[in-house]
Structure formats: structure tokens, C-alpha cells
Amino acid sequence: METIVVSVDNFLDKENNYEQAVDILEKGDVVAFPTETVYGLGALATDEAAVDKIFKAKGRPSDNPLIVHIGTPDEVNYYAVNVPATAQALMDAFWPGPLTLVFERIPGTIAQNVTPGVSTVGIRMPNHPVALGLLRALKKPLAAPSANRSGKPSPTEAMHVKNDLDGRIPFIIDGGQTGVGLESTVLDMTTEPPTILRPGGITTEMIERVIGSVEVASEGVLEEAPRAPGMKYTHYAPDAPLLIIEANRAKIAQAVEELHQQNKQVAVVGPTELNVETANWYFAIGSSENKEEMATNLYKALRQCDRTNADVILAAELDLEGVGTAFMNRLVKAADGKRYKSLS
Ligand code: TXA
Ligand code: MG
């Protein structure tokens, strides 16, 4: 299969921008498209055979549910019941935007393989002109996970999608680099209080300002019976082992030296200010004063590490304030929980 990549101008809203993509989707195939978080791999959420192609293209475990993307908030009521007033308040505050809400599902509306093993459905309205333009032209919901091969970092550029899925999907809409850079916050509205299953761009603080206190699912506790099935899978991992390290220039420089003594080549991912020149590669992902910028560039840097001969990747940690929680959630997964341990 040839994979066609077509660029669209995010600022030029033309109905026929999406003709080809709509055509492919209506015929039951998949299309990769940009959202404000990461690129998604979409299929008609009502078409089981089309949804199956998502799992095949990604190599995704078939028991991990997909998020349903909608073009207008009203559509929630086609697929979900018992939508509480608190959810309406969150939709008013944050949609379109990087917040997925999990509701009780109305049976028989969404294809069953979108929500394997659960009686709920995760829904979000993305805040990206291309995603919204596509959904409006299609007038149907799109089931869409991140458009990476399962286990790889989510794609934040069309080229990342092409690198992972070339020849496996027919069509990629290129809308440039995505903004948030980390996947949406997933909030389970079926529990009281609601539970954050995955931290993201809409932070706990932002949610609590609108609806009061929420629970945060502890992934350690959930390992055996995960609430967000995605929690149990290795995720976001670059090829070389990744180790988290304090964001301190002297400590990173010492780690680089120790690793060099073991004849290891070292790539470092960290803030612009820390640029440790002795590292074999230093990927600066933004100012440490600007966590949003660092989140935007994290996955791209992890993919750049895969293009080096690094034996080890060191990644500087962030504090947990604001989007720091989501950033560290992804980094800890990429590191499989490991930190650099100095020899001294
Ligand atoms: O930002 C995003 O959310 C991106 C873009 C493309 O929208 N999508 C994305 O999808 O990250 P995916 O499939 O890579 O991650 C979806 C996560 C998984 O951890 C999955 O287990 C969880 O959401 N999830 C989806 N539906 C759920 C449900 N009904 N109950 C619990 N967790 C659910
Ligand atoms: Mg994903």
C-alpha cells in the first residue's frame, strides 16, 4: 500500500481540503490527522471493520479501548448516558480541547471493538482546525488512538506517522507540528468523585477549579486491573534505555563522564539552559521556565534519540506543577521507572 501525505493549511478552512480523507474514511479505511495533542489514526467509530484496521496498522493490543472524537459537544448524547452536570461544566470550560471524558456507553451505537471489555466510552472534541474540519466534513465520529506503532512515542509531526506507519495506512493529513505534544487528559466521569486515569494538558488543578476535587488513579495500584487499559502497556519508549536524572548540570555532566568511562555513548534530553556539552548528543526541548514548550518537544526528542547511536539516554526531570505531572508520567513510562544511579 502506498501512503499518501497531503499538507493542509491550518489557517485556510476549505471544505474540499478534506474530500479525499472523507472518501477514504467512508470507504472503511483509516486516515492519520493532526490534533492539538498528537497525531491520531482515525476510522469511522461506527464501522467495526474499519476500526479493526487501526489495531492492525498500529500493532495495538485488541483489549485497549479507543477514544471517540466528535465535532460538536452535543454528539456526546448520541453515545453516552448519565452525563452528569459536572461533565457539562467541564465541556463548557475545556472543549474543544485536550480532555477525554469517560461515560457510560449507549450500547449499539459505537462499534464494539472501539471499547473492548468496558461498558464505557471515552469521548473528546479536539481543538485543532484540521481535526475539526475533518470531523465537520465527515459528520460522523472518529475512533482514533495516537498514530504511532504501539509502544513508540506518540507522533507530533506527520513525518513521525510516516516513519512508523508507511505502507500500512493509505493517507496522512500533514498539519505541521502539534501544540500540546502529550496526549489528552483522560477523566473517568463514572466514578464519584471523577478519576483522572491519564494526566495531560488539562491539569488536575484546572479540572478541580471547575468541579471540585477529583481522584488521581495510582498506576502502581492499578497494575493488575487497570482502569485505563492503556496503563498496563509499555509506552513511549525509545530504542536505547532511558534513565531519568535530576535537572542539574553538574550531576548530568558527572553521569555523562561515568558513562563515557564505560565506553557508552550518551544522548541527553533536557532544558535549553542545561546544554551539557560533553554529551554525545544534547536535545534541548525548551526553556525550563516553560513546561508547555518542553511538553511540546518531548516526543520529538525521544524519536531523535532513536536516530543516534546512543547506548543510554538521560532525560532531565521536571517538577510536578502544572503540565509537569503529564510530562513526568510519560517520562517515567519511557524509562520504565528507572533513574540514573551515580557510581559515586
Ligand atoms: O490526545 C489524545 O488523547 C490522542 C489524540 C489522537 O486524540 N489519542 C490518544 O489515544 O492518546 P490512545 O488510544 O493512544 O490513548 C487512549 C487512552 C488509553 O490509555 C486507553 O486505555 C484510554 O485512553 N481509554 C480510552 N477509552 C477508555 C475507556 N472507555 N475507559 C478507560 N480508559 C479509556
Ligand atoms: Mg497512544
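Predicted model: local features only at pLDDT ≥ 70, side-chain atom pairs only at ≥ 80, totals over all residues.
Let's start at the tip of a helix: N248 caps the N-terminal end of α9, with a side-chain oxygen 3.0 Å from the backbone nitrogen of A250. That is a polar contact, meaning a pair of N or O atoms within 3.5 Å; within protein, one must be able to donate a hydrogen and the other to accept it, and residues adjacent in sequence count only if both atoms are side-chain atoms.

Residues are numbered from 1 along each chain as its sequence is written, chains are lettered from A and ligands numbered from 1 in the order in which they are written, and side-chain values use heavy atoms, with hydrogens and water left out.

The protein has a mean pLDDT of 93, and 94% of its residues reach 70 or more. Take care with residues 220–226, though, where pLDDT stays under 50. For that stretch the model has 5 contacts beyond four places in sequence, a contact being heavy atoms within 4.5 Å.

Now look at which way its side chains face. I252, A255, V256, E258 and L259 are buried, which means under 20% relative accessible area; exposed means over 50%, and partly exposed is in between (1.4 Å probe, protein chains only). Seen down the axis of α9, the buried residues fall within an arc of 165°, so they line one face of the helix. That arc is taken from the directions from the helix axis to the C-beta atoms. Here's the general idea: an α-helix has 3.6 residues a turn, so residues three or four places apart point the same way. The face of α9 turned away from the buried side carries the exposed residues A250 and Q261. And what covers the buried ones? The cover includes the strands β13 (242–245), β14 (266–270) and β16 (312–316).

Next, the charged pairs. The structure holds 15 salt bridges, each one a side-chain nitrogen of Lys or Arg within 4 Å of a carboxyl oxygen of Asp or Glu. One of them joins R330 and E183, at 2.8 Å from N to O. This pair links distant parts of the chain, 147 residues apart: R330 is in helix α11 (residues 324–334), E183 in the loop between β9 (171–174) and β10 (185–188). R330 counts as buried because its relative accessibility is 0%, and E183 is buried too, at 5%.

Another salt bridge brings D164 and R303 together at 3.0 Å, N to O. Here D164 is in helix α6 and R303 in helix α10 (residues 291–305), 139 residues apart. Both D164 and R303 are buried. By contrast, D239, which forms a salt bridge with K152 at 2.7 Å between the closest N and O atoms, counts as exposed at 59% relative accessibility. K152 and D239 also belong to a salt-bridge network with D306.

Most residues other than glycine have a negative phi, and most peptide bonds are trans. Just after α9, however, N263 takes a positive phi of about 60°. N82 has a positive phi as well, near 55°, and is exposed at 58% relative accessibility. A cis peptide bond joins W95 and P96, with omega about -10°, and P96 lies in the loop between α4 and β6. The peptide bond from E192 to P193 is also cis, with omega near -5°.

G97 lies in that loop between α4 (85–94) and β6 (99–105) as well. Is G97 buried or exposed? It is buried, with a relative accessible area of 2%. Not counting residues up to four places away in sequence, G97 touches E36, R124, M125, P126 and N127.

Note on methods: Helix = DSSP H or I, 4+ residues; strand = E, 2+ residues; numbered from the N terminus. pLDDT = per-residue confidence, 0-100.
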